[in-house]
Amino acid sequence: MMPTTAPSTSRTGTIAVVQWTHTMKMKPMLLVARHQIARDPGFEHHIVLSSCGDGAVGCPALLDASAPLVENVTCSNASEVAKAIPAFSSLKQVFHGKKATIPSVLGVGMPRWCWNSCDSPYLYWYLRTGSMLTHVRFFWFLEWDVVWTGAITTILSAWNSLNTSNPGLAGPEEDHDLVCPNPSWANSMWAHRGKRDEALVPNHVTYRCVTEVTRLSHRLLRSILAFSRSKRGAMFCEMRAASVCAMQPWCRMQGLFAPETVGMLYTARKVPGLLETLRNGSRATNKQLSLAIEKWVLSYVHNGGVTESMLMANLN
């Protein structure tokens, strides 16, 4: 991912970039992020390791494999998460519907538990560590397989600037509490809609958003943890942040692919007339926006991904 422009933000406070992973397969991106973020005093970098699933590498081995990355590196396992956050202990009791027909595979630490609880490593990390980082304005969480060219600080600064409701004011309350690729209401066609307690999370506040690149505020993270103190709070990971946000009158969510941000995607240059339209102050057509978003989302499939040489070039 790579924006075409990088407007700066005048807001105060550190931005925490948190990468979470269960594997060292993408260690080059951990190294790239640490190298790039060290150059910008407005950012800090954290790595959250997770040991989960049958045959999973344990925390000692993951921590050893992450060397020379040591500072701000933590690790947890499924039992630690489930003990500290009750909602993660009850998936097989709460989940139902066509995507949760075999409750026995949802026991704590089983592969399907890990997959459905994809946000558990960073929520546990926030409970233990992130909540104490009061100097942080908000947190960007990046999944293990997120890659980029250019500087991650430039990319996230660009999105920060365009996802602030009133840049002239200085309080964190003026930021969107949730920024993610595609926040939307979870209609009846969504296969994972039954992975919740309907009495606790009614239909009208059942929202979803994928978790690859997500920005959350302190107050939303605190609300998610408060909601998750109950075993009834078990939810599919792509539903949790967006639904908890939808239940709070103060919470605002925004998409990475809002009309004003699509022009920053490198794929915008591949859509005929899109950049010219945006430069002229005109509104892009739905077709132009959809093409830019689709090309960005599917760039790994269409373009063969990001090569090793491209990743390592970021270290120079």
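Ala, Val, Leu, Ile, Met, Phe, Trp, Tyr, Cys and Pro count here as nonpolar, Asp, Glu, Lys and Arg as charged, and the others, Gly among them, as polar. The model is predicted: local features need pLDDT of at least 70, side-chain atom pairs count only at pLDDT 80 or more, and totals for chains, interfaces and linings use all residues. Residues are numbered from 1 along each chain as its sequence is written, and side-chain values use heavy atoms, without hydrogens and water.

**View 1. Lining of the second largest pocket by class.** Twelve nonpolar, five polar and four charged residues line the second largest pocket. A pocket is an open set of points on a 1 Å grid over the protein atoms alone, with protein on both sides within 12 Å along at least five of seven lines; lining residues have an atom within 4 Å of a point. Its volume is about 480 Å³, taken as the space filled by probe spheres set on points joined across faces, edges and corners. Of its 21 lining residues, Cys114, Trp115, Cys118, Glu143 and Trp144 are the closest to the centre.

**View 2. Helices around the second largest pocket.** Helix 5 (111-116), helix 6 (120-128) and helix 9 each supply at least two lining residues. Helix 5 gives the largest share, four residues. Helices (H or I, at least four residues) and strands (E, at least two) are DSSP runs, numbered from the N terminus.

**View 3. The largest cavity.** A cavity is a set of grid points where a 1.4 Å probe fits but cannot get out. The whole structure holds three of 30 Å³ or more. The largest has a volume of about 50 Å³. Its lining has 13 residues, with Cys209, Val210, Thr211, Thr214 and Ala241 nearest its centre. Strand 5 (178-180) and helix 9 (237-246) are the elements that give two or more residues to this lining. Helix 9 gives the most, six.
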